[in-house]
Amino acid sequence: MSRPDAPESAEPAAATVVPELDLNMTGGELTRVLVDIPSVSGSEQVIADAVEAALRKLPHLTVERDGNAMIARTNLGRDERVVLAGHLDTVPIADNVPSHIEGDLLYGCGTSDMKSGVAVQLRIAATVPEPNRDITFVFYDCEEVEARRNGLGRLARNHPEWLAADFAVLLEGTNAQVEGGCQGTLRAEIRTTGQRAHSARAWLGDNAIHKAAPILARLAAYEPERPVIDDLEYHEGLNAVRIEGGVANNVIPDDCLVVVNFRFAPNRTPEQAEAHVREVFDGFDVVVTDFAAGALPGLSQPAAAAFVEATATTPNPKFGWTDVARFSALGIPAVNFGPGDPNYAHKRDEHCSLSAIEETEKRLRAWLQS
């Protein structure tokens, strides 16, 4: 019987089709399949189901899932356990799905950040059944949004034992080079207020948007610091990322909001970063809405140094925030190492080199089979 409020012609909702992942594909081919499964943050159900189904077909792995995050682990009794981690979500699609290939470049949302890394994880999971170290593969949701929703953070809270390891590799885009640590990130709101009036009698009001001009002037004049930590030069940044104000086209606005994002080097704590932002905007009301600590490079730690040597790479700093910081907070040394090009992450023309995908897989495979 149909529901009383349903139209007579209503059809049953179609079941979501979960694509089947062929892990015998090349890393580039698998990346393309993953990119063509939309998975904007908060909408990772389909891709998570596909990844889980593929992993459960591999008899040498034990698979566990929490929401749209999961782990798959070998249990070979090796002396060392390493994590290979990557997130399944992307920023909003910008007319760049489905993917397409031009020469050596694969274009599409998530190619660089970071479905190419996820493809490498899946290829290693399928084709290295007896690694020289036990491996925990971690796939998680909601990395591209506010920290409280992060799936890796949820795993750390709900199942910390799933993440226990001696070393971690986050397959964020690094152009197949090791990137050490990561910068922290802080978001703050700075609000100005005024008084509404008819724009024909502007002198009777107080324009809140005009009062935001000194905020923008301070941002335009800001000189970011470039500290050198463990021989890696980081580059901070303080920028307006959103501005909101206005009532109507004939009204003097009484409220204006400027949202700023501070990307700070890992030698600052979040508290020091907040103090710096408040100092820059002295005289204004600053409300911090979100922050995540960075992570020091840690490349001198034995596991990290051995990984750098094994992959024959030249370390660079990681300018963005990554979940290397979460592993660091858990006491697990970690590095960024993945095929994506970080310079094209989140862009309309986001792309990844097919040869970089192949090279990343090759280097990881050699490390895990040497």
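Pro 98 sits in the loop that runs between β3 (81-87) and β4 (100-102). In this predicted model, the peptide bond joining Val 97 and Pro 98 is cis, with omega at about 10 degrees. The loop between β3 and β4 also holds Asp 95. Asp 95 is a residue other than glycine with a positive phi, near 55 degrees.

A cis peptide bond is also found between Asp 113 and Met 114, where omega is about -10 degrees. Met 114 belongs to helix α3. Helix α3 spans 111-127 and is among the elements that supply at least two residues each to the lining of the largest pocket.

The protein divides into domain 1 (27-182 + 295-368) and domain 2 (184-292). In the contact, 17 residues come from domain 1 and 14 residues from domain 2. The C-alpha centres of domain 1 and domain 2 are 33 Å apart.

Interface size is often expressed as the accessible area lost when the parts come together. Between domain 1 and domain 2, about 1,100 Å² is buried, and carbon and sulfur atoms give 66% of that area. On the domain 1 side, Pro 297, Phe 319 and Trp 321 supply 42% of the area buried against domain 2, more than any other three residues.

## The largest pocket

The volume of the largest pocket is about 870 Å³. Its lining is made up of 36 residues, and Arg 263, Phe 319, Gly 320, Trp 321 and His 346 are the closest to the pocket centre.

Where does the largest pocket lie relative to domain 1 and domain 2? The pocket lies between them, because both domains give residues to its lining.

## Make-up of the lining

Besides α3, several strands each supply at least two residues to the lining of the largest pocket: β9 (184-193), β13 (237-245), β15 (255-264), β16 (286-292) and β17 (316-317). By residue class, the lining holds nine nonpolar, 15 polar and 12 charged residues.

Notes:
Residues numbered from 1 in each chain as written. Predicted model: local features only at pLDDT ≥ 70, side-chain atom pairs only at ≥ 80, totals over all residues. Heavy atoms only, no water. 1 Å grid on protein atoms, 1.4 Å probe; cavity = no way out; pocket = protein on both sides within 12 Å on 5 of 7 lines; lining within 4 Å. Points joined across faces, edges and corners; volume = space filled by probe spheres on them. Helix = DSSP H or I, 4+ residues; strand = E, 2+ residues; numbered from the N terminus. Nonpolar A, V, L, I, M, F, W, Y, C, P; charged D, E, K, R; others polar. Domains from an automatic or database assignment. Contact = heavy atoms within 4.5 Å. Buried area = accessible area lost by both parts, 1.4 Å probe.
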